[in-house]
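Please read them with the structure open beside you.

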Amino acid sequence: MNKYTLYILLLLLSMMQPAYAVPGIDAFTVTTNPQGGQTYTVTIQILALMTLLTLLPAMLLTMTSFTRIMIVLGLLRQALGTAQAPSNQVLLGLSLFLTVFIMMPVFDKINTEAVQPYLQEKIDAVQAIEKAAGPMRTFMLKQTRDADLELFMRIGNITDLEEPEEVPFSLLLPAYITSELKTAFQIGFLIFLPFLVIDLVVASVLMSMGMMMLSPMIISLPFKIMLFVLADGWSMVLEMLAASFYV
């Protein structure tokens, strides 16, 4: 099994009650019948694990840097006015691999503290889940605004939290997503400004020349692409996105 797949499975298990991961529960049960044959039975542990695999897309969206990156790149494409270039598949792939790059320190910490000790049978599954949840909680708390945490604490009538480690995932997840949406749209606004200036200048020039029937977007698009290429825009945007998670 790929180690990154194991990371994600441990994160999924950390969101659920660990009753099915009690040490000593075998994945398969072999029963010998009176005729000498054997019957193989899959335990509830495997059933729960296969069920949790359906939550992988949601976990990717809600617990990593994927949401911010995808929204910013989508707004960048709209600011350029290039319609479907780059395509959704390209933006999705770029967001996915940039997410893996940004989250690699967190994955390495999970591998060191949870995955490797579990594979070496130094800790059981429950302890591995708890240790894997720690780095993710730390990453998400660093990106979450205090105002958003307080908002969901008010909604849930939660008043007895004194330390960040006491914040439950049921509270941290919506607060983290809300903070990511705010941050993504703030970055998108800053990206839009220079392209908006170009559109305004082109529209003013066309209006002064009496060419009101000609769409300003047709004229401004080459200038926006030229500005973006000359400024090495893709490198700047990707560097800014990566740096925004470690400020």
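1. Basis of the values. This is a predicted model, in which local features need pLDDT of at least 70 and side-chain atom pairs count only at pLDDT 80 or more, while totals for chains, interfaces and linings use all residues. Residues are numbered from 1 along each chain as its sequence is written, and side-chain values use heavy atoms, with hydrogens and water left out.

2. Overall fold. The protein chain has 10 helices and two strands, where helices (H or I, at least four residues) and strands (E, at least two) are DSSP runs numbered from the N terminus. Read from the N terminus, the order of the elements is α-β-β-α-α-α-α-α-α-α-α-α. Of the contacts in the chain with a separation of 6 or more, 68% are between residues 24 or more positions apart, a contact being heavy atoms within 4.5 Å.

3. Surface and burial. The accessible surface of the protein chain is about 14,600 Å², and carbon and sulfur atoms hold 68% of it; accessible areas come from the Shrake-Rupley method with a 1.4 Å probe, and for residues only the protein chains shown count as cover. Of the 247 residues, 36% are buried, where buried means under 20% relative accessible area, exposed over 50%, and partly exposed in between (1.4 Å probe, protein chains only).

4. Nonpolar core. The largest nonpolar core has 40 residues, and Met140, Val237 and Leu241 are those with the most contacts inside it; such a core is a set of buried Ala, Val, Leu, Ile, Met, Phe, Trp, Tyr and Cys residues joined through side-chain atoms within 4.5 Å. Two or more residues each come from helices H3 (56-63), H4 (66-80), H5 (88-119), H6 (125-143), H8 and H10 (233-243), and the largest share, 10 residues, belongs to H8. Apart from its neighbours within four places in sequence, Leu241 is in contact with Ile69, Val72, Leu73, Leu98, Ile102 and Ile187.

5. The whole structure contains four aromatic pairs, a pair being rings of Phe, Tyr and Trp (its six-membered ring) with centres within 6.5 Å, counted as stacked with planes under 30 degrees apart, edge-to-face over 60 and tilted for the rest. Phe139 and Tyr176 make a tilted pair, 6.4 Å centre to centre with 55° between the planes; Phe139 lies in helix H6 and Tyr176 in helix H8, so this pair ties together parts that are 37 residues apart in sequence. Phe139 and Phe245 make a stacked pair at 6.1 Å centre to centre and 15° between the planes, and because Phe245 lies in the segment after H10, this pair ties together parts that are 106 residues apart in sequence. Phe139, Tyr176 and Phe245 form one aromatic cluster; Phe139 is buried at 5% relative accessibility and Tyr176 at 1%, and Phe245 is buried as well.

6. A loop residue to check. Asp232 has a positive phi of about 55° although it is not a glycine. Asp232 is placed in the loop between helix H9 (216-230) and H10, and is partly exposed, with a relative accessible area of 44%.

7. Nonpolar surface patch. Phe189, Leu190, Leu193, Leu196 and Leu200 form a nonpolar patch on the surface, with about 500 Å² of accessible area together. Patches are made of residues with over 30% relative accessible area and no salt bridge, with like charges joined within 9 Å and nonpolar side chains (Val, Leu, Ile, Met, Phe, Trp, Tyr) within 5 Å; a salt bridge is a side-chain nitrogen of Lys or Arg within 4 Å of a carboxyl oxygen of Asp or Glu. Leu196 lies in helix H8 (residues 169-208) and is partly exposed, with a relative accessible area of 44%.
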